[in-house]
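Good morning, and thank you for the time on today's agenda. Please bring the sequence and the structure up on the screen, and I shall guide you through several parts of the model in turn.

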Amino acid sequence: MRRTFLHRISRMIPEEPDTVFFTVDIGMWAIRDILRDYPDRCTNVGIYEDAMFSIAAGLAKRGLIPTIFGIQPYLIERTLEQIKMDLAYQKLGVNVVGTGAAVDYSRYGYSHYCAEDAAIIKQIPGVEFVAPGSPKQFGTLFEQSYRNGNPTFFRVSDHPNIAYDPEVVFGQANIMQKGSRATVIAISTMLDMVMAACADQDVTVLYYTTLEPFDGVTLASNCNSNKILVCEPQFAGTMLHDIHSALPRRALQIEHVGFPRTIFRNYGTYDEKMRYYHLTEEAIAEKLKNLLSA
């Protein structure tokens, strides 16, 4: 996904004179020619995320289309006041592309983890959050939304779906499978695992790549059983408010496969982390089995 994004930037800056790009000591080699040839609109500001947001907000106020690139925890947690005051409060269209989703930077420790990203951003009114599951989907969702005038966060992952890569539309969920006994919500990079676990099950599978705004209409039209399994590559429970809002006054039975709300103190590879925290096809199948038998 990073490669797809940086390739888009390498075209955007020369072709669209109202766009600007900022990065924080990441991705410079891939766009070194653009940094050199367009220093007035393409800049590495260094390790200075909070100021980068304010600069981008100022340029958006002047009618330009800024895009920011950095590491997810530093783009969201370090700059929360700027997101709230510079982007959301003033309703400015800045695109923020973050790498290092959840535990993608698994070897670098807790400072580089960000399983809370969607939960934080979804608490700020008017800010959008996009979590594509593949490079193709990132390209599609970015094209559909980067000029919409809203602050929009894009979570890009180094561990995309491979087997399933459906066409997506900003703000809409995909119906991947229809069934009657439960509804399984697959978020972003969880789709491959969910589809494998649900292959022979009489369940509906909904695939979400836009987490804010949330497509509650599709959920409400595809949840007759009141049993829901949410599979999300972020803190478990991130989508609960949206689910209950889409299905008001209904007695729901909801199970989760997601990261626990705890400090991650262990080290290891990405796959070791996913197994340790039970974000696996086997865990999804077990949770679904328990849900259907309840």
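At roughly what angle do the axes of helix α3 and helix α5 cross? Before I reply, please keep in mind that this is a predicted model. The axes of α3, residues 49-61, and α5, residues 80-88, cross at roughly 5 degrees, and they come within 9 Å. Angles under 35 degrees count as roughly parallel, and α3 and α5 are therefore roughly parallel to each other.

Let us look at the residues where these helices meet. From α3, the contact involves D50, F53, S54 and A57; from α5, it involves Q82, I83, D86 and L87. Sorted by class, the contact of α3 with α5 has four nonpolar residues, two polar ones and two charged ones.

I turn next to a sheet. Five strands build it, and their order is β7-β9-β8-β11-β12. The sheet is open, and its pairing is mixed. Its edge strands are β7, at 174-177, and β12, at 253-259, each of which pairs on one side only. On average, and with direction ignored, neighbouring strands here are turned by 25 degrees against each other.

In what sense do β11 and β12 pair? Strand β11, residues 227-235, pairs with β12 in the parallel sense, over six bridges.

How many cavities of 30 Å³ or more does the count give? The count comes to two. The largest cavity holds about 70 Å³ of space. Its lining consists of A101, A102, V103, D104, R155, S157, S188, T189, P233, F259, Y270 and M274. By class, seven of these lining residues are nonpolar, three are polar and two are charged.

The second largest cavity holds about 30 Å³. Around this second cavity we find Y110, Y113, C114, A115, E116, F235, T262 and F264. Its lining divides into six nonpolar residues, one polar and one charged.

Finally, I would like to consider the pockets. The largest pocket contains about 210 Å³ of space. There are 13 residues in its lining, and those nearest its centre are M193, Y270, D271, M274 and L279. Which helix supplies the largest share of this lining? That share, four residues, comes from α11. Helix α8, at 191-197, and helix α11, at 270-276, each supply at least two of the lining residues. By class, the lining of the largest pocket has five nonpolar, four polar and four charged residues. Please note that Y270 and M274 also line the largest cavity.

The second largest pocket has a volume of about 190 Å³. Among the residues lining this pocket are A119, K122, Q123, E212, F214 and R261. Helix α10, residues 240-246, gives the largest share of the lining, four residues. The classes here are three nonpolar, five polar and four charged.

That concludes my presentation, and I thank you for your attention.

Methods. Residues are numbered from 1 along each chain as its sequence is written. This is a predicted model: local features need pLDDT of at least 70, side-chain atom pairs count only at pLDDT 80 or more; totals for chains, interfaces and linings use all residues. Side-chain values use heavy atoms; hydrogens and water are left out. On a 1 Å grid over the protein atoms alone, a cavity is a set of points where a 1.4 Å probe fits but cannot get out, and a pocket is an open set with protein on both sides within 12 Å along at least five of seven lines; lining residues have an atom within 4 Å of a point. Grid points are joined across faces, edges and corners, and a volume is the space filled by probe spheres set on the points. Ala, Val, Leu, Ile, Met, Phe, Trp, Tyr, Cys and Pro count as nonpolar, Asp, Glu, Lys and Arg as charged, and the others, Gly among them, as polar. Two strands pair if DSSP finds at least two bridges between them. Axes are lines fitted to C-alpha atoms, for helices over the stretch in contact, and angles run from 0 to 180 degrees between N-to-C directions. Angles under 35 degrees count as roughly parallel, over 145 as roughly antiparallel, 65 to 115 as roughly perpendicular and the rest as oblique. Contact means heavy atoms within 4.5 Å.
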